[in-house]
Amino acid sequence: MDLLKPFKKAAKKVKEYMDNVEREREELEKLEKWKKRLSNAISKHDPFRANCSLWDAQYHGTKEVGGGITYMSDRDRQVTKDARQVVNITLQLIESQIDISVPKPNVEPTEFDEGDPMEQERQRMVEGMLYYMGGGTTLQRINSENERIVKKNSLAVFKVGYNPKAKSHKWIGKIETTNPHPCNFIPQPGVHRVANMDYCFHIENRTLDYICRTYGEEFRDELEGEKAEYSYLDELSESRTENDETLSVVECWYKDKDGDVCVLTWCNEVILRDDQKFFYKRNQDGSIIEHDEIEAQTGVDMIGTPITETIQVPVHIPKRFPFVIQYNIPKEKSFYGKSDPDIIFDQQEAIKKVLSDHEEKLIKGTSKIFTRKNSGLVNKINNAQLQVIETDDPVNDIQVVDLKTPDRSLLEYYNVMLQAAKDALGVTEASQGRVDAGTGGGTADLSGRALEILTANTAGRLAVKQFEKDMAYTELYQLYYDFLLAFYDDPRPYRTDGEDGKPVYGKWDKSKLVKQDDAGDWYYPEYDIYISADTGLPKDKRFIMETASRAGNRLDNIEYWQIMESIGFPNASAILKREQEKEEMAKAMMQQEQQQGQPNMLDSIVNSLTPEEMEAIENDPELQDEILARLGG
């Protein structure tokens, strides 16, 4: 009998307890370190959040004048009151720039082996899968939202993640894209681009049920009754509100000494997840998997039968943070960009002030009543639309004076401010396809060639924003490819549009992607991913149908219905067949009419012969047969 067994058991429990205490102490120290960094980052981020609040209010037509701007004098403060109404040029100019098209990717291999029959198939597979991921309704919705977010707030954010719980009939796990608001993405202070950051934060307010469903039910008791630390991030207003139904979930993305991405997630004082080397592939025991085992075709035998074997390929590990930033107009030495409301702030404020002041004059009237002091008449005149002024010596006891000013000056001032805002953004009448109806230097006075040049120049200014959008989507598709290699081990179907408008189906299969280098090692190839030049041209069926309908006489009936058939228009094939039959019948009738209108060739020959030649032919049956044979019987 082991007399020391109880002591060993007690010692083991003590050791486990001490290990737990030490682990909790280390977790607490780690949490406190990152909370301090978050607090410092938020203090640097708060001015941007305040600007977002100001710009959002401006976009939605706030009547407040000034927006927190310091006044130059007491007089300016007195005359600057809230606007009576708002002519919202900020909304007009932002909405006129919205581009709902999602840029599509082009894929080119960085290395091309002409002798490899799989080379082009690999390229088509990668491009087809990325094209399919970029054509979903989720990314279309995000694009529509980000088009406004980026112009209002100077930047927009894409976040790419992998959801292992998503299921389909044939696969498990899905790459997902979201667009957190720029206020909720907290960058590392002093670092201007995500690629150069050592860490960054993403904060979202979630319900307790969402947190427990995502991170585990074991956290429910610890978080029950807690309040959100950063509930104000859900509001764009400066005032901080409390939401008792949500809690703040903080994701801290950082890189370790090896440059690998790690994630620390917490809520209040509770660590929900601490994942070292987050993108590494692991087995059920949590051990790192260094190689993918893939059944791949490695050659063919003597009779051409494919040879397959299990090969080992180094696991692909994404090395970048899963965030992509789209800028409106980039700003040097700053993580933040330049927003449209910030650019035209002065013009919007001036229009609010002047139009409101003019409206007040119209309501009160331009006539003033002057009364003699001590006459007692000032208290007897009660008209809310008129102003009564006491003076020492008017000509009469009561005098009405009209102080009306020319109305043209107001319209001219408004047009000057509106044109200044358009010039600042590059959104002119020409760029919008409209002609200025005014005179004296307006676009209506320009020639067609001058209008083309003006349109090209303004389009060039707006092209800066399109370039930033294309750059963001290029990075997004590159991140997609990283995630495809890292997470999509099983085949995934995809669908693209063929040249005739009909769908083309394919399958993402990582086993077809692998290549072998000169040393005999297997690897995943790299691809250059860029945005195609025709991204601005819509390819949806409605656009094709409307374009074909507007073509008018430039398309005949058969060409028109061939286009309708290519996009799957109802009964287009039957209509096209009838049109083709009608055209064939018309051609046949035309040929028959032409034949009936032409003289008989034999008669023509006979009429051209001399009497001697006619006699010779009549006396030679063989010559007659030869002539008839040459004439086709």
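**Exercise 1.** Does asparagine 268 count as buried or exposed, and at what relative accessibility?

*Solution.* Step 1: set the cut-offs. Buried means under 20% relative accessible area, exposed over 50%, and partly exposed in between, with a 1.4 Å probe and protein chains only. Step 2: apply them. Asparagine 268 is at 6% relative accessibility and therefore counts as buried. Asparagine 268 lies in the loop between strand S7 (261-267) and strand S8 (270-275); helices (H or I, at least four residues) and strands (E, at least two) are DSSP runs, numbered from the N terminus. Step 4: check the backbone. Asparagine 268 is not a glycine, yet its phi is positive, near 60 degrees. Most residues other than glycine have a negative phi.

The model is predicted: local features need pLDDT of at least 70, side-chain atom pairs count only at pLDDT 80 or more, and totals for chains, interfaces and linings use all residues. Residues are numbered from 1 along each chain as its sequence is written, and side-chain values use heavy atoms, with hydrogens and water left out.

**Exercise 2.** Describe serine 154 and the elements on either side of its loop.

*Solution.* Step 1: serine 154 sits in the loop between H5 and S2. Step 2: its phi is positive, about 85 degrees, although serine 154 is not a glycine. Step 3: with a relative accessible area of 0%, serine 154 is buried.

**Exercise 3.** What is the strand order of the open three-stranded sheet, and which strands stand at its edges?

*Solution.* Step 1: the order is S3-S2-S11, with antiparallel pairing; two strands pair if DSSP finds at least two bridges between them. Step 2: strand S3 (172-178) and strand S11 (323-327) are at the edges, each with a single partner strand, so one side of each has no neighbour in the sheet. Step 3: on average, neighbouring strands of this sheet are turned by 20 degrees against each other, direction ignored. Step 4: S2 (residues 155-167) and S11 pair over five bridges, and alanine 156 stands opposite glutamine 326 in S11. Step 5: helix H5 (residues 137-153) packs on the sheet and touches S2, S3 and S11, its direction making about 155 degrees with that of S2. Such angles run from 0 to 180 degrees between N-to-C directions, with axes fitted as lines to C-alpha atoms, for helices over the stretch in contact.

**Exercise 4.** Which residues of the largest nonpolar core touch the most other members?

*Solution.* Step 1: a nonpolar core is a set of buried Ala, Val, Leu, Ile, Met, Phe, Trp, Tyr and Cys residues joined through side-chain atoms within 4.5 Å. Step 2: the largest core has 60 residues, and Leu130, Phe335, Tyr477, Tyr480 and Trp508 touch the most other members. Step 3: helix H11 (residues 448-487) gives the most to this core, with twelve residues. Step 4: a second, separate core of 19 residues includes Leu31, Trp34, Leu233 and Cys252.

**Exercise 5.** Where is glutamine 188, and what does it touch?

*Solution.* Step 1: glutamine 188 is in the loop between strand S4 (185-186) and strand S5 (199-207). Step 2: at 11% relative accessibility, glutamine 188 counts as buried. Step 3: not counting residues up to four places away in sequence, glutamine 188 touches Met197, Asp198 and Tyr199, where contact means heavy atoms within 4.5 Å. Step 4: its side chain reaches the backbone nitrogen of tyrosine 199 at 3.5 Å.

Definitions and conventions:
A polar contact is a pair of N or O atoms within 3.5 Å; within protein, one must be able to donate a hydrogen and the other to accept it, and residues adjacent in sequence count only if both atoms are side-chain atoms.
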